[in-house]
Amino acid sequence: MNNLYQRSIEIILENQSESGGYIASPNFPTYHYCWFRDGSFIAYAMDLAEQHESARRFHQWVADRVNERRDLVRASILKVRAGEKLNEADILHTRYRLDGTDGEPGNWPNFQLDGFGTWLWALNEHQKQNPAIRLSQELLSAADLAADYLSELWILPCYDCWEEFPDNIHPHTIAAIYGGLMAYSELTGKSHPLVTDAIRDQLLVGAKPFGHFVKFSDSSAVDASLLALAVPYGVVAPDDPIMLKTVEQIEATILHGGGLHRYAKDSYYGGGAWILLTAWLGWYYAELSAARPDLEAGLKQKIRTCQTWIESRADMLFLPEQISENLNFPTYFSTWMDRWGEVASPLLWSHAKYIILQVRTLPRYLNPQDKNIQ
Ligand code: BGC
């Protein structure tokens, strides 16, 4: 593997706190927190890179956060069942300080459900990558709590994975919940079929008028996070016609010059191209190629384009959150520079997604049917 891959592992290890949490970005004060969303993908990348102890420590960190908030989780479930409205004090936060405490109250939206689904998915992947270990009772109790919480709250609107649009129910968010609950079922044998069936139906109904998944129900616009509906959450297969059409729309409307943007109207730092999303697209192509060997040649080329684009944007082997090129709204770049300074770099989630891309495009993953490949 190349220098950027090796350096990515080091950057993640260097920035894992003693407590086990991963800081989102060490050089960007606003991101001095650990998010379940970012952290779960980072832990998955560490498992793929055979850094299992790092992944284990992260999962333990998450379990501690969830278990110490057991009463809050139980109370919020009862409130939702009773038809009562939840407020900020009733919910699990989306990000925590590395010492495990909640961030400043009220200064940043916290009601985001996708990260808990992503965590259940990553925990199951951790178990699959380490079949010899038995997950601790603490981990399993935290997984039970997270699954109960999600199966009750999934129906509520919440902020999306970009921490925006709190009044909507977002396809990516409920897909993460679907993927998390399916993974939880594989891990523990306990399933929530009514919820997972309802989520899948809701996603398919939402796609119907357009023939592809959409960011909001009243427009045909897409969001790069829709990639997750197939990879990794598996609501549909990578070669499902709805998914193929979704990716066609993503390529046509938000992939510019090789870099993938979050969505066409994104104005955060002007709306640049994100490293982690470009890697995610390459990962999707890899899974599509594994499912459809007949498409392999063309997909190989597309995967290579994603890899080269990322590699050529690394700055001294640091991968930032986004690259300020082909901006959706150039005038907003300085607004954010004035507010929060330079774009976050390195962003651990970017490094994680690059590791995932590199490992999942190894021949043994691209050609799972060929048993002779290591
Ligand atoms: C992104 C989130 C991410 C956070 C930390 C925010 O700007 O919208 O998805 O979890 O940064 O990386």
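How many aromatic pairs does this structure hold? The count comes to 35 aromatic pairs. The model is a predicted one, and every value below is computed from it.

Take one pair from that count. The ring centres of Phe-28 and Tyr-31 are 4.5 Å apart, and their planes meet at 70 degrees, so this pair is edge-to-face. Phe-28 is buried. Tyr-31 is buried too.

Now compare a second pair. Phe-58 and Trp-61 have ring centres 6.2 Å apart and planes at 20 degrees, so they count as stacked. Here the angle falls under the 30 degrees that stacking requires. Both residues belong to helix H3, which covers residues 52-67. They are three residues apart, about one turn of the helix. Phe-58 is buried, and Trp-61 is buried as well.

Phe-28 and Tyr-31 also belong to an aromatic cluster. The charged end of Arg-95 sits over the ring of Trp-108, 4.0 Å from the ring centre. A lysine does likewise elsewhere: Lys-353 lies over the face of Phe-41, with 3.8 Å to the ring centre.

Arg-95 leads on to the charged contacts. Together with Arg-37, Asp-114 and Glu-163, Arg-95 is linked in a network of salt bridges. Over the whole structure, the search finds 25 salt bridges.

Which helices do these bridges join? Start with Arg-74 and Asp-148. Their side chains meet in a salt bridge at 3.5 Å, N to O. Arg-74 is in helix H4 (residues 70-81) and Asp-148 is in helix H6 (residues 137-153), so the bridge ties together parts that are 74 residues apart in sequence. Arg-74 has a relative accessible area of 39%, so it is partly exposed. Asp-148, at 24%, also counts as partly exposed.

A further bridge links H4 with H6. The side chains of Arg-81 and Glu-152 meet at 3.2 Å, N to O. Arg-81 lies in helix H4 and Glu-152 in helix H6, and 71 residues separate them. The two ends sit in unlike surroundings. Arg-81 is exposed, at 57% relative accessibility. Glu-152 is partly exposed, at 21%.

Move along the chain to Lys-302 and Glu-251. Their salt bridge is 2.8 Å, N to O. Lys-302 lies in helix H11 (residues 296-313) and Glu-251 in helix H9 (residues 241-253), so this pair ties together parts that are 51 residues apart in sequence. Lys-302 is partly exposed at 35% relative accessibility. Glu-251 is partly exposed at 23%.

Next comes the sheet. Strands of a sheet pair through backbone hydrogen bonds, either parallel or antiparallel. In this structure, four strands form an open sheet in the order S3-S4-S5-S6, and the pairing is antiparallel. Which strands stand at the edges? They are S3 (255-256) and S6 (322-323). Each has a single partner strand, so one side of each is left without a neighbour in the sheet. Inside the sheet, two bridges join S4 (residues 259-261) to S5 (residues 273-274). His-261 has Ala-273 in S5 as its bridge partner.

Then look for open space. Rolling a probe the size of a water molecule over the atoms shows where empty space is left. The largest pocket holds about 370 Å³. It is lined by 20 residues, and the closest to its centre are Tyr-31, Trp-162, Glu-163, Arg-262 and Tyr-268. Some of these names have come up already. Glu-163 is part of the salt-bridge network. Helix H2 (36-48) and helix H12 (331-340) each supply at least two residues of the pocket lining.

End at a loop. Asp-218 is found between helix H8 (193-207) and H9. Is Asp-218 buried or exposed? Its relative accessible area is 68%, so it is exposed. Asp-218 and Gly-206 are twelve residues apart in sequence, and their C-alpha atoms lie 9.4 Å apart in space.

Definitions and conventions:
Residues numbered from 1 in each chain as written. Predicted model: local features only at pLDDT ≥ 70, side-chain atom pairs only at ≥ 80, totals over all residues. Heavy atoms only, no water. Phe/Tyr/Trp six-rings, centres within 6.5 Å; stacked < 30°, edge-to-face > 60°. Buried < 20%, exposed > 50% of the residue type's maximum accessible area, 1.4 Å probe, protein only. Lys NZ or Arg CZ within 6 Å of the ring centre and 35° of its normal. Pairing = 2+ DSSP bridges. Salt bridge = Lys/Arg side-chain N within 4 Å of Asp/Glu carboxyl O. 1 Å grid on protein atoms, 1.4 Å probe; cavity = no way out; pocket = protein on both sides within 12 Å on 5 of 7 lines; lining within 4 Å. Points joined across faces, edges and corners; volume = space filled by probe spheres on them.
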